[in-house]
Amino acid sequence: YKLNLVKKAIHLFRNPFDNIVSRFHNHLKKKAKENKEDYLLAHPKNATGFRKYCEEMDAFHYEGELEFFGETFMDTVKNIP
């Protein structure tokens with residue numbers, strides 16, 4: 001688009017927890033379409049399933065975050081949800 005067409009801009013700020021909950025719900029929808037019944041039973045659409053999803057995402061991303069942020073930072077934030 002041509003820049004002279006832009007008259008105003010809006011910045012939206014969202015709570016980060018809204019984003020991760022949305023990702024959890026989208027992940028469950030994907031697993032439902034794939035007929036992953038075992039996964040869906042292990043990750044119910046409630047606080048228990050959400051916590052399990054978060055723990056799995058933490059484990060999945062740990063090595064990359066450790067490499068990027070370093071051991072000191074990762075030790076500092078290890079008990080922050």
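**Core, rings and a buried histidine**

Lys8 comes out as exposed, with a relative accessible area of 75% (exposed is over 50%, buried under 20% and partly exposed in between, using a 1.4 Å probe and protein chains only). The model is a predicted one, so local features need pLDDT of at least 70 and side-chain atom pairs count only at pLDDT 80 or more, while totals for chains, interfaces and linings use all residues. Residues are numbered from 1 along each chain as its sequence is written, and side-chain values use heavy atoms, with hydrogens and water left out.

Lys8 belongs to the segment before H1 (helices are DSSP runs of H or I with at least four residues, strands are runs of E with at least two, and numbering starts from the N terminus). Between Lys8 and Phe50 there are 42 residues in sequence and 38 Å in space, taken C-alpha to C-alpha.

Phe50 itself sits in the largest nonpolar core, together with Phe24, Leu28, Tyr39 and Tyr53. A core here is a set of buried Ala, Val, Leu, Ile, Met, Phe, Trp, Tyr and Cys residues joined through side-chain atoms within 4.5 Å. Helix H1 (16-33) and helix H3 (47-69) are the elements that give two or more residues to this core. In soluble globular proteins, nonpolar side chains do tend to be buried together. Setting aside neighbours within four places in sequence, Phe50 is in contact with Ile20, Val21, Phe24 and Pro44 (contact means heavy atoms within 4.5 Å).

On to the rings. Four aromatic pairs turn up, where rings of Phe, Tyr and Trp (its six-membered ring) pair if their centres lie within 6.5 Å, and planes under 30 degrees apart are stacked, over 60 edge-to-face and the rest tilted. For Phe24 and Phe50 the centres are 5.6 Å apart and the planes at 70°, so this pair is edge-to-face. Since Phe24 lies in helix H1 and Phe50 in helix H3, the pair ties together parts that are 26 residues apart in sequence.

With 3% relative accessibility, His43 counts as buried. Its side chain makes a polar contact of 2.9 Å with the side chain of Glu56 (a pair of N or O atoms within 3.5 Å; within protein, one must be able to donate a hydrogen and the other to accept it, and residues adjacent in sequence count only if both atoms are side-chain atoms). Beyond four places in sequence, the contacts of His43 include Phe24, Leu28 and Tyr53.
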